[in-house]
Amino acid sequence: MSEAFHRDFSERSGNARVRSLRARRKHRKSTNRLSIPAPGWFPVAGAAIGFALILMLVSVAGKPVDARVSADQEEWLAAELPLAVEVGTAPRRTVLKPGDNSQAALQRLGFDPMTVQRIIKAAGKVYPLARVRAGHTFERMDHARNIDVYYHVDATTRLRLWRRADSQTWQASLSQRRITRRQHVASATIEGSLLAAAARAGLDDRTAMNLVDIFSWDIDFARDIRKGDRFRVLYEEQFDENGKSIGSVILAAEFVNQGRHYKAVRYEQQNGRTHYFTPDGKSMRKAYLKAPVKFSRISSRFQARRKHPVLGYTRAHRGVDYAAPSGTPIHAIGDGRIVFAGWKGGYGRFLLIRHTNSSHSTAYAHMRAFARGIKKGKRVHQGRIIGYVGMTGLATGPHLHFEFRLRGRAVNPLTIKRSPARPVARVEMARFRQQTAPLLSHLDNMPADPAWG
Ligand SMILES: [Zn+2]
């Protein structure tokens, strides 16, 4: 026994480290099988116990075990640290779908209904899980000593829920990423395209598309943009700890389209919902989007009679044609239910939506394809992609034929009254004015684009 001890000890010089690591790994395997260690492994067992003690001390101190930090102090620890990592499992994630809720999401992560209730109760103290949103994620991580659940509230805020492996008590805390924000102003006059003007003003495409979305209930960006239209924008860009841009949000914007001024300001209501409003508190959102496609050039306006391009004789053209590249997404302009989705003669692949106001319906024709999940009877929400531009049926080129129907008869979409969504509640008007005034004055006082009159 003592001979074996000395042999092992003497070997630790020279190339012994590698061998001793191998021995320690072997030791781990053998203890896993609950066999009794051979006498020669005593020093090794001592090292393993020492390591375990240090691991415990580190955990008691409340700091996470960090392989890099420990290795600097005790080189031999590095080879052992995977022990701690091996016990944990790969994180499990689940993304919330529309109509989803936190109970269902937590159960998908493997928690039983009783545990789910405990988690939700614990969370309630810092962030009510009834407020979760579609598109956000839950994440579960099982470690040796605790189970962690993360909910990503937004790009900067994370909710952590955890319990120790030996306890049923869940705890909750919110943490903030260190985000820096910078405000920018930009303005431009449109010469060729909106995106070109935006790029000239220093806006990335994402911010430019956000600008389009804000005004998409008032302006038909696909056919009504003209040379000389102009905009100005106050936006905030966010950067992570490494200075990488992680997003931007428009705080206030003005768009002048064919001489008409539209102004919007971002406001988080007391109920936590953020929307864009006019400076006097009316919602920018309306029952119908102005157009079912985002960008294109118009090929035909609404008119009572015209020569049909394919059939060659005059017949009423009761709709608006959007010439757009094949495959351009088509959006439902309002909430409703699909009452027809299929082939309909000269209309080709055709879709009809009956809206919440049941005397209103919209028709979409010549589609190349329907979007996934689109079929008769299905409910759709405003903005949802329902299909793609094509040239099925009687069409000379790829375009969307769009109709707005009033009690089944196609009418000029411009004549439809678009009632806005709920305005800022009267009781919070003072708060609205106080919070939006600085943004609007920043927008109004920004250095003017030379062409801005
Ligand atoms: Zn048409």
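**View 1. Asp204 and Arg206 meet through their side chains in a salt bridge, with 3.8 Å from N to O.** A salt bridge here is a side-chain nitrogen of Lys or Arg within 4 Å of a carboxyl oxygen of Asp or Glu. The model is predicted, so local features need pLDDT of at least 70 and side-chain atom pairs count only at pLDDT 80 or more, while totals for chains, interfaces and linings use all residues. Residues are numbered from 1 along each chain as its sequence is written, and side-chain values use heavy atoms, with hydrogens and water left out. Asp204 is partly exposed at a relative accessible area of 30%, and Arg206 is partly exposed at 44%; buried means under 20% relative accessible area, exposed over 50%, and partly exposed in between (1.4 Å probe, protein chains only).

**View 2. Arg232 pairs with Glu254 in a salt bridge whose closest N and O atoms are 3.1 Å apart.** Because Arg232 lies in strand S7 (residues 230-239) and Glu254 in strand S8 (residues 245-257), the pair ties together parts that are 22 residues apart in sequence. Strands (E, at least two residues) are DSSP runs, numbered from the N terminus. Both Arg232 and Glu254 are buried.

**View 3. Arg431 and Glu428 form a salt bridge, their closest N and O atoms being 3.5 Å apart.** Arg431 is partly exposed, with a relative accessible area of 26%, whereas Glu428 is buried, with a relative accessible area of 7%.

**View 4. Asp220, Arg223 and Asp224 are joined in a network of salt bridges.** Side chains of opposite charge can pair when their charged atoms come close. By the salt-bridge rule, the count comes to 16 salt bridges.

Definitions and conventions
Helix = DSSP H or I, 4+ residues; strand = E, 2+ residues; numbered from the N terminus.
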